[in-house]
Amino acid sequence: MPVDVILGLQWGDEGKGKVVDFLANQYSVVCRFQGGPNAGHTLYIDGVKHVLHTIPSGIFRPGIFNVIGNGVVLDPVTLKKEIQSVLPKAPDALDRLLLSRKAHLILPAHRWIDLASENAKGKDKIGSTLRGIGPCYMDKTGRNGLRVGDLDHADFDQRYKKLKTKHLQFIRQFPDVEFNMEAEEAAWMESLDSLRKLRQIDAEYWLAERTALSENILAEGAQGTMLDVDFGTYPFVTSSNTITAGVCTGLGVPPNQIRKVIGIAKAYCTRVGSGPFPSELKDETGDRLRQAGSEFGSTTGRPRRCGWLDLVQLRYACIVNGVTDLCITKADVLNDFELISLVDAYQTGGEWTTEVPYSMETISEVRTVNLKGWMSPLESATRMEELPAELRLMLGNIEDSVKLPVSMLSTGPGREELLVRN
Ligand code: IMP
């Protein structure tokens, strides 16, 4: 049963890309199963920063296939640029990149609708990345969408025009926003030629053949559990299922093929965009976390909201995902913090709870466990046992709370700066 999953347990940006890259050579295939170019997976290869938006993070590892699954929404313009950016480091990338025929296409008007509808929401903005993700998934579930496999059909142009007409009518309900449809459409049409050159597959059959051969497959999540359209902080979420269940629907992999679920959480919390964030620090400590952790969006450059690690939220995420292996990232960001807090209860409706309530917006107060920081660098530690006692105590608190061992700890951005428990 060889499909392992890596996904984010918070609000995205947990450092998944680095962990995928670290583990990728144990797998023959790395797949994306949901989301689209709203994601930004940062990898450091030979000290050089690479940000991937749609291409799976196994692309820089020779010999590994990278599958963009049916659950992904794909913008041909972004994908074209991304391919050009990886080719110097991965010259055979095109031979190892495979697209599900059933993946939906983000059209120029999807981005326009995203912009116009966000703009119309005023103070209730979701803080979307404006990559057209929500409108594209709306067309998918509304059964209007165009898929990669449609590119080869004789009626593609006709279907595009029909959908565009619908979009233009839809946009009329919103106040005007600036969007150069003509230019965007021209770039989109041009990028379709590159898309047509990529290898399309029926990923469900292709992956079934691989699993039958006992090849190891890695499914790489985007965003994070609290942005899941069903289990996140709705409506301040993305439009896909970011949790383990999304692997099955986003790749055509049956549930009984899933082996490990590697959940990634930062040693603190961040969130981009609007919506509830119980452990947020709107003070100097929050600013310090942002600076120390370089917490600025890799897709949009926006400053991320920062706060302490939230154990209530983390336990919830471990439950809905069926996490088997927990990985804590960016522990080194806390190296200079004299005091570190962990949220362990919320007050809602006048009562204390250790469960995530229906709406996180009803949380009026949080309770914290306050720990002494370790105040030292971590690079000399080569095993978990060599970590400072204060950090081990913090990890113990996490383990007691989520009832799982911390299997991996990331102590810096580089590929090698990751401790793995035996
Ligand atoms: P959308 O998916 O671009 O519509 O954005 C919906 C919400 O999810 C917004 O709050 C975004 O900031 C957030 N979001 C989307 N993608 C990511 C991501 O990759 N990392 C972190 N937040 C994200």
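How far is an oxygen atom of the ligand from an N or O atom in the side chain of T129? In this predicted model, in which local features need pLDDT of at least 70, side-chain atom pairs count only at pLDDT 80 or more, and totals for chains, interfaces and linings use all residues, the separation is 2.5 Å. Residues are numbered from 1 along each chain as its sequence is written, and side-chain values use heavy atoms, with hydrogens and water left out.

An oxygen atom of the ligand also lies 3.0 Å from an N or O atom in the side chain of S128, and a backbone N or O atom of G127 is found 3.2 Å from a ligand oxygen atom. The ligand is surrounded by 15 residues, a residue being counted when one of its heavy atoms lies within 4 Å, and the closest are N38, S128, T129, T238 and R302. By class, this shell comprises 6 nonpolar, 7 polar and 2 charged residues, where Ala, Val, Leu, Ile, Met, Phe, Trp, Tyr, Cys and Pro count as nonpolar, Asp, Glu, Lys and Arg as charged, and the others, Gly among them, as polar.

E295 is located in the loop between α10 (284–292) and β13 (305–310), helices (H or I, at least four residues) and strands (E, at least two) being DSSP runs numbered from the N terminus. With 0% relative accessibility, E295 counts as buried, a term that denotes under 20% relative accessible area, whereas exposed denotes over 50% and partly exposed the range in between (1.4 Å probe, protein chains only).

P388, in the loop between β17 (363–372) and α12, is buried, with a relative accessible area of 18%. Although 14 residues separate P388 from W374 in sequence, their C-alpha atoms are 6.2 Å apart. In helix α12 itself, L391, M394, L395, I398, S401 and V402 are buried; seen down the helix axis, the buried residues fall within an arc of 120° and so line one face of α12, the arc being that of the directions from the axis to the C-beta atoms. The face turned away from this buried side carries the exposed residues L393 and D400.

Key: A polar contact is a pair of N or O atoms within 3.5 Å; within protein, one must be able to donate a hydrogen and the other to accept it, and residues adjacent in sequence count only if both atoms are side-chain atoms.
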